[in-house]
Number of protein chains: 2
Amino acid sequence: MRTAPSARSSRDTSLRGHVYAWLRDALSAGKFVPGQKLTFRSIAASTNVSLTPVREAIRRLVAEDALEMEPNRSVRVPRMTVTKLLELRDVRIALESLATGKAARIMSKAEFARLQKIAKEIARARDRGDVATDRMKIREFHFALYRAANQPILLAVIERLWLQTGPYLNLLFPEYIGSGRGVAIRAKLIRALRARNVAMARREIANDIRSALSYVASLADESGNIVPASMPSVRKRRGKGQVS
Amino acid sequence: MRTAPSARSSRDTSLRGHVYAWLRDALSAGKFVPGQKLTFRSIAASTNVSLTPVREAIRRLVAEDALEMEPNRSVRVPRMTVTKLLELRDVRIALESLATGKAARIMSKAEFARLQKIAKEIARARDRGDVATDRMKIREFHFALYRAANQPILLAVIERLWLQTGPYLNLLFPEYIGSGRGVAIRAKLIRALRARNVAMARREIANDIRSALSYVASLADESGNIVPASMPSVRKRRGKGQVS
DNA sequence: TGTCTTGATTTGTGATCACAAATGTACCGA
DNA sequence: TCGGTACATTTGTGATCACAAATCAAGACA
C-alpha cells in the first residue's frame, strides 16, 4: 500500500506531526463544516495530546491556508466561494501545466507504465462504484505525474493548493465523473506524454483541471458559497459558524 | 512610510507575530549564513521572549519553506543551489505572468499611475546609488502590480516564493542592475499594461524574471552553490553549518 | 420585546518546567 | 594519530500553569 498522502511529512513521529496529519486528513475528507470554529482544547481532547503540539499543528495549517485565523484569534475552517475556487483553478492550471510539461520531457518508461496502471485502477474502481478509491487514485495519478517532473518546490506548492481544494472535489461525484470527461482527457494526456508532446500534454492537463473545477464552481448557490459533499450530518447548533 | 512588507500579517500584535516578522526580515536581508543552524533559545534571547512564541514563528517559516527542518529536528537557513534557483525562476514566471495578465485586464488609471510613480522612484534611487531603497522599490513595483490583479490566493503564493528568493536578489547589484536591462523591460511592461496588451505584459514580466534569476544562477560556484551578498562578516567558527 | 450591562466561562497566549534526543568533549586503547 | 566510549551540555518536545481577551448567559432597564 504505502499511500503516504503527503510526501514531505511522511516520517514525522512527533505528536505535532500526528495532530497535523489528523487534521489535514479530516479537512481533506470534508469532516468539518466550512465556517466551523475549531478550538485548541477540543482538538487536544480528540487527539489525546496537550495544547502545545495542537497549537503548532494548527499554525502550520494556517500557514498553508488550510485553516483561517481571524483577527479575534479564532481559527475556522475556510468557506469556499466561487471567486476563490476560480482563482484556485487558474493557479492550479498554471502550475500543474508547468509540472506536466517538465514531466513530459524527462519521464521514464517506468513512470509512463505507472501512470497507465493507475489509470486502469481508476477505471476499475469506477466500474464497481467505489468512490473512495476512485478519488484516491485520481490524486495518485496527478501526483505521480507531477513527481515525475522532479521539481520539489513546485510539487510542494501544488500540494498546498490541493489541500485547499480539499473536500470540494467530492462534488464531482457522481455527475461529472459519470460524464466520462475525465477519462477521455486522461487518455489523451497519456498519449501526449508518451509522444513527449509537451504542448499537447500541457493543454490536456489544463483542460482536465479547468473542466473539473469549472463544474464545481457551477454548483455554487445564489450567494456564491459552495458546500462540500460527504459532510457529517450538519451540526444542529447553527448560527455559530454560519453566515457570520 | 508604512512599508508593511507582508500584507497578510500586518496587524499582528502577538509576540509570535513579532518574532515571525523579525526572522523574516532578517532572512530577507541576508543576515543569516545559508546552512546556519538556528536554535530556539538563541532566537528567544535575541527577541526577549520565551520559547513558546519562537517555536510557533519558526514553524511558520518552515511551513513557508523559508527555513528547513532536518530529520534530526534542527532548523537551518536553507542553502541556495542553481537547481533550486532555476526551479524558483520557472515557478515565479508561471505565477507572476498569470498575475500580470489578470492585472492588465482590470487595472485602474490610479494603479497605472502608481506603477509609473514607483518606476520613477526606482530610477531616482538608482541615480544616487541607493541600493537599499532601490531593492525595496523594485519589490514594491512588482507587488503593486500583482495586487492590482485582485487575486489574494495567487498573491499569497507569490509572496512565499519571494521569501525564498530572499537575499539572493542582492546579487543583482551592481552588475545586472547597472546593465539597464531591468529598466528597459519595466518601461515596455508599463506600456503593455497601459495598452491592456495581456500577451505582451505577460511576456515582459516573464522576461524580467527570467533574465534576472538566470543571471543570479550564473553566479553559482563549481559545486552549484550560490552565496548571497551583503552577509554579516561570515562567522569564524566554520565547519558547523557549512559543507556538511 | 429588545438592548445594554454585569458577571461567569471559555479560549488563545506566553512562560516555565521536566525530560529525552542530539551534540559536544574528554579520555582511553589500539 | 586515529577511532571509539563515557560523561556533560545543549537543544527540541510536550505538559502544565497563570492570565487576559473573547464569548456567553442572565438580569436590569427602557
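Me: Which residues does A:H142 touch, not counting residues up to four places away in sequence?
Reply: In this predicted model, A:H142 lies in helix α6 of chain A, which covers residues 131–147. Leaving out residues up to four places away in sequence, the residues that A:H142 touches are A:E96, A:W162, A:I205 and A:D208.

Me: Does A:H142 count as buried or exposed?
Reply: Buried means under 20% relative accessible area. The relative accessibility of A:H142 is 4%, so A:H142 counts as buried.

Me: With which side chains does the side chain of A:H142 make polar contacts of 2.9 Å and 3.3 Å?
Reply: The polar contact of 2.9 Å links the side chain of A:H142 to that of A:Y146. The polar contact of 3.3 Å joins the side chain of A:H142 to the side chain of A:D208.

Me: Which three residues supply 25% of the area that chain A buries against chain B?
Reply: Chain A and chain B bury about 2400 Å² between them, with 55% of it on carbon and sulfur atoms. Of the area that chain A buries against chain B, 25% comes from three residues, more than any other three supply, and these are A:E56, A:E87 and A:I153.

Me: Which helix gives the largest share of the side of chain A that touches chain B?
Reply: Across the interface of chain A and chain B, twelve residue pairs are in polar contact. On the side of chain A that touches chain B, α3 (51–63), α4 (82–106) and α7 (152–165) each supply at least two residues. The largest share, nine residues, comes from α4(A).

How values were computed. Residues numbered from 1 in each chain as written. Chains lettered and ligands numbered in written order. Predicted model: local features only at pLDDT ≥ 70, side-chain atom pairs only at ≥ 80, totals over all residues. Heavy atoms only, no water. Helix = DSSP H or I, 4+ residues; strand = E, 2+ residues; numbered from the N terminus. Buried < 20%, exposed > 50% of the residue type's maximum accessible area, 1.4 Å probe, protein only. Polar contact = N/O pair within 3.5 Å; in protein donor to acceptor, adjacent residues only side chain to side chain. Contact = heavy atoms within 4.5 Å. Buried area = accessible area lost by both parts, 1.4 Å probe.
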